[in-house]
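Let's walk through this model together, one element at a time. Have the viewer open and follow along as the residues come up.

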Amino acid sequence: MSDYLADVQRYDAGADADVVQKIVKHLGIALQSKDASLVSCSDSSELDRVREKWCMKKLGHTDEAKCDEVIASVCETMSGDRNKQRVTFYYLVAKATGQLGDL
């Protein structure tokens with residue numbers, strides 16, 4: 001858990017540990033696989049999955065274009081990271097949509 005929090009805090013120094021823990025819990029067993037614990041911004045099917053499963057289903061957004069815009073913005077924000085941690089990526093999507101408090 002502390003590794004996930006430290007990674008999130010590179011982008012949001014004031015990140016709430018409870019929010020990060022909720023994302024970790026949501027992702028569950030997927031985080032045990034190295035490949036599944038990362039997000040690839042160059043893989044359109046991966047970004048579709050983030051849009052469908054996280055932005056629309058979990059966060060409750062109905063505007064696909066808005067979700068795609070937020071995801072593209074997070075990809076840009078994290079462009080310096082070769083390995084984009086899924087927990088951090090999901091945190092930043094939730095933050096950009098103003099829904100950290102809803103998790």
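Predicted model: local features only at pLDDT ≥ 70, side-chain atom pairs only at ≥ 80, totals over all residues.

Residues are numbered from 1 along each chain as its sequence is written, and side-chain values use heavy atoms, with hydrogens and water left out.

With a relative accessibility of 21%, Gln-85 counts as partly exposed; the classes are buried for under 20% relative accessible area, exposed for over 50%, and partly exposed in between, with a 1.4 Å probe and protein chains only. Setting aside residues up to four places away in sequence, Gln-85 touches Tyr-4, Asp-7, Ser-37, Leu-38 and Met-78, where contact means heavy atoms within 4.5 Å. Ile-71 is 14 residues from Gln-85 in sequence and 14 Å from it in space, C-alpha to C-alpha.

Lys-84 is also found in strand 2. Is this lysine buried or exposed? Lys-84 is buried, at a relative accessible area of 10%. Not counting residues up to four places away in sequence, its contacts are Ser-37, Leu-38, Val-39, Cys-41, Cys-75, Met-78 and Ser-79. One of these, Leu-38, is 46 residues from Lys-84 in sequence, yet the C-alpha atoms are 5.4 Å apart. A polar atom of the Lys-84 side chain also lies 2.7 Å from the backbone oxygen of Asp-81.

Now turn to helix 1, where Tyr-4, Leu-5, Asp-7 and Val-8 are buried. They share one side of helix 1 because they cover an arc of only 160° around the axis, the arc being that of the directions from the helix axis to the C-beta atoms. On the face turned away from that buried side you will find the exposed residues Ser-2 and Asp-3. The buried residues of helix 1 pack against helix 2, strand 2 (84-85) and helix 5. Thr-88, in helix 5, is buried with a relative accessible area of 1%. Leaving aside neighbours within four places in sequence, Thr-88 is in contact with Tyr-4, Asp-7, Val-8, Tyr-11 and Met-78.

Helix 2 (residues 17-27) comes next, with Val-19, Val-20, Ile-23, Val-24 and Leu-27 buried. These residues lie on the same side of helix 2, because their arc around the axis is only 140°. Asp-18 and Lys-25 are exposed residues on the face turned away from the buried side. The cover over the buried residues of helix 2 includes helix 1 (2-9), helix 3 (44-58) and helix 5 (86-96). At the start of helix 2, a side-chain oxygen of Asp-16 comes within 2.8 Å of the backbone nitrogen of Asp-18. Just after the helix, Gly-28 adopts a positive phi of about 50°.

How many aromatic pairs does a search of the whole structure find? The search finds one. Its members, Trp-54 and Tyr-90, are stacked, at 4.7 Å centre to centre and 25° between the planes. Rings of Phe, Tyr and Trp (its six-membered ring) pair if their centres lie within 6.5 Å, and planes under 30 degrees apart count as stacked, over 60 as edge-to-face and the rest as tilted. The pair links distant parts of the chain, with Trp-54 in helix 3 and Tyr-90 in helix 5, 36 residues apart. Trp-54 is buried at 0% relative accessible area, and Tyr-90 is buried at 5%.Finally, look at Asp-43, in the loop between strand 1 (38-39) and helix 3. Asp-43 is partly exposed, with a relative accessible area of 31%. Its side chain makes a polar contact with the side chain of Ser-45 at 2.7 Å. A polar contact is a pair of N or O atoms within 3.5 Å; within protein, one must be able to donate a hydrogen and the other to accept it, and residues adjacent in sequence count only if both atoms are side-chain atoms.

Note on methods: Helix = DSSP H or I, 4+ residues; strand = E, 2+ residues; numbered from the N terminus.
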